[in-house]
Amino acid sequence: MLERIVQAALSAPEGEIFEIGVGTGELTRTLLDAGRAVTGVDLSPEMLQVTRERVPEATLVPHDIADGMPTCQKDRRFAAIIAANGINDIDSDAGIRLMRELFGRLLPGGSLIIGNVRFDGDAGRIAYQQKLGLPIRFEGVSTGMGILTLTKPCMLLFDYGGTLAQERSMDTLRGYKTLMPYFTENPRGVTAEALDNLETGLFYKMDPMRIQMGYEVHNHALMRFVQEYLGLASDLPLIEQESLFWESAAPAVAMDGITELLSALRRDGIGSAIISNMMFSGEALARRIRMLFPDHEFAFIIATSEYIIRKPSHLIFELALRKANLKPTEVWYLGDNYRCDVEGARSAGISPVWLHTLGEGETADCLTIPDWKTLTAILS
């Protein structure tokens, strides 16, 4: 187990490592020899004296971690925090508060690594994750004991609809009525109702194919076909038509609490990006995102209309990882759809966070968050 903990700690980003329970300094020595600076704590003054003689270059502090981080270290961030011999009662209320505090002291990409952890099967692990309110990874080592790891994300990937923003129910007829004055040619006298019937009818015929086969259709292709088929012409580019239609047919508002969460990400240096299943163009989505969140800049926005592949395919998530140049363990995906968001993210090795309120008696095999205020409070 110790060897795996060392490997995990040394795979963390550049920066100092905080060691809980240094004991005789064996692990401390290994980390220092690997070129890492180490700050360590131990409850026993006798142990600390032994360790000081063995590793004089380490920063050692007499402290009981059950009382939280030492006052002299509270404003610091670490590449990894490790407790090879475990932490007592991590599932108690005090233990949960301590784990959240330690998690908050990590640099983006850094890991909290706890040895000698035991859960009562998968159900116990899932229940603990839900109580903690943070995604966890558990690697069993022997006879039920294992290593618990929490990694501070370098980036949060978001779904759009029902996650970042809430849209009014789609009123396509209202959208087409908004577009009608912009058609400069309409030789057949097409009405908004006729335009709506044709385009909406085609959409509903394509929708099962999109969902079942996992391939996306670009809205501009549908718009172009319908307008040429009906003899309509406009001087307005398709992107402008699309934006006018969308804003009229389904105006959006930011989800409650999401602006505070995005502010917390900026404060902590955690990046953000978007993957959304939609026929609307990437530019239309980008415009809407800029309108809803003028103070926040997403690293990139993936509208599946631009990439053919839809969630839950692992390929679209792997594309995001490549664009971000990050490993799956360094990213969380946040969304409200279990199949597309939770199963899709998990298929790419990304930790999913499901925006969902569990009903009475309902369970989930992933972390669920009822609202963004809850996640912001945990991260803070």
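Me: Helices (H or I, at least four residues) and strands (E, at least two) are DSSP runs, numbered from the N terminus. How many helices and strands are in the protein?

Reply: The protein has 14 helices and 17 strands. This is a predicted model, where local features need pLDDT of at least 70 and side-chain atom pairs count only at pLDDT 80 or more, while totals for chains, interfaces and linings use all residues. Residues are numbered from 1 along each chain as its sequence is written, and side-chain values use heavy atoms, with hydrogens and water left out.

Me: Thanks! What does the C-alpha trace span along its principal axes?

Reply: About 95 × 40 × 30 Å.

Me: And how much of the protein counts as buried?

Reply: Of its 380 residues, 52% do. Buried means under 20% relative accessible area, exposed over 50%, and partly exposed in between (1.4 Å probe, protein chains only).

Me: What share of the contacts comes from residues 24 or more positions apart?

Reply: Taking contacts with a separation of 6 or more, such residues account for 69%. Contact means heavy atoms within 4.5 Å.

Me: Let's pick a spot. Where is Gly-257?

Reply: You'll find Gly-257 in the loop between β12 (252–254) and α10 (258–268).

Me: Is Gly-257 buried or exposed, and why?

Reply: Gly-257 counts as buried because its relative accessible area is 4%.

Me: Which residues does Gly-257 touch?

Reply: Not counting residues up to four places away in sequence, Gly-257 touches Trp-372, Lys-373 and Thr-376. Gly-257 and Thr-376 are 119 residues apart along the chain, yet their C-alpha atoms are separated by 8.2 Å.

Me: Which strands does β8 pair with?

Reply: β8 runs parallel to β13 (residues 271–276), joined by four bridges. β8 also pairs in the parallel sense with β15 (residues 331–335), again over four bridges. Two strands pair if DSSP finds at least two bridges between them.

Me: Which residues in those strands face Leu-157 and Phe-158?

Reply: The bridge partner of Leu-157 in β13 is Ala-273, and Phe-158 stands opposite Leu-334 in β15.

Me: Now over to Arg-210. Where is Arg-210, and is it buried or exposed?

Reply: Arg-210 belongs to helix α7. With a relative accessible area of 6%, Arg-210 is buried.

Me: What polar contacts does the Arg-210 side chain make?

Reply: One goes to the side chain of Asp-207, at 2.4 Å, and another of 2.6 Å goes to the side chain of Glu-216. A polar contact is a pair of N or O atoms within 3.5 Å; within protein, one must be able to donate a hydrogen and the other to accept it, and residues adjacent in sequence count only if both atoms are side-chain atoms.

Me: Which other residues is Arg-210 in contact with?

Reply: Leaving aside neighbours within four places in sequence, the contacts of Arg-210 include Phe-203, Tyr-215, Met-278 and Arg-310. Tyr-215 lies in the loop between α7 (192–213) and α8 (219–229), and counts as partly exposed because its relative accessibility is 43%.

Me: Last one: where is Thr-149, and what does it touch?

Reply: Thr-149 is in strand β7 (residues 145–151) and is buried, at 10% relative accessible area. Not counting residues up to four places away in sequence, Thr-149 touches Ser-111, Leu-112, Ile-113, Ile-136 and Arg-137.
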